[in-house]
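The entries follow the order in which I looked things up.

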Amino acid sequence: MDFPALKEDIVREAEKLGAPEEVLKALRGMPPVDYHNKDEVLRSAKTEIAEETPAEKAVKARDKKHQRVAEYLRTPTL
């Protein structure tokens, strides 16, 4: 894949290469912008293979609301 690339080009290339439906669904859900490299695609697609960015890790670390509370006791957030 040559970058920069549009979302539609990325989805089309993934389809051509036989990507699993789960990956295609994640790619189709990305914002329609120019992507400059595969790391931007991975972060935007929110697949399991995408690593958390340091900023995302920091947000989770600062969230004291649910720390040390069993999941079944947490109040759902909408």
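Is glutamate 21 buried or exposed? I note that the model is predicted. In it, glutamate 21 is exposed, with a relative accessible area of 51%. I then looked up its partner: glutamate 21 forms a salt bridge with arginine 28, at 3.1 Å from N to O. Arginine 28 is partly exposed, at 37% relative accessible area. I also recorded that salt bridges with shared partners link Glu15, Glu21 and Arg28 into one network.

Next I searched the whole structure for salt bridges and found four.

I turned to helix H1, residues 7-16. Arginine 12 pairs with aspartate 9 in a salt bridge, and their closest N and O atoms are 2.7 Å apart. The two residues lie three apart in H1, which means that about one helical turn separates them.

Lysine 16 and glutamate 13 form a salt bridge at 3.4 Å, N to O. They too are three residues apart, with about one helical turn between them. Lysine 16 is exposed at 64% relative accessibility, whereas glutamate 13 is partly exposed at 24%.

Last, I examined helix H3, residues 38-45. At its start, a side-chain oxygen of asparagine 37 comes to within 3.1 Å of the backbone nitrogen of aspartate 39. After H3 comes lysine 46, with a positive phi near 55°.

Terms used: Residues are numbered from 1 along each chain as its sequence is written. This is a predicted model: local features need pLDDT of at least 70, side-chain atom pairs count only at pLDDT 80 or more; totals for chains, interfaces and linings use all residues. Side-chain values use heavy atoms; hydrogens and water are left out. A polar contact is a pair of N or O atoms within 3.5 Å; within protein, one must be able to donate a hydrogen and the other to accept it, and residues adjacent in sequence count only if both atoms are side-chain atoms. Helices (H or I, at least four residues) and strands (E, at least two) are DSSP runs, numbered from the N terminus. A salt bridge is a side-chain nitrogen of Lys or Arg within 4 Å of a carboxyl oxygen of Asp or Glu. Buried means under 20% relative accessible area, exposed over 50%, partly exposed in between (1.4 Å probe, protein chains only).
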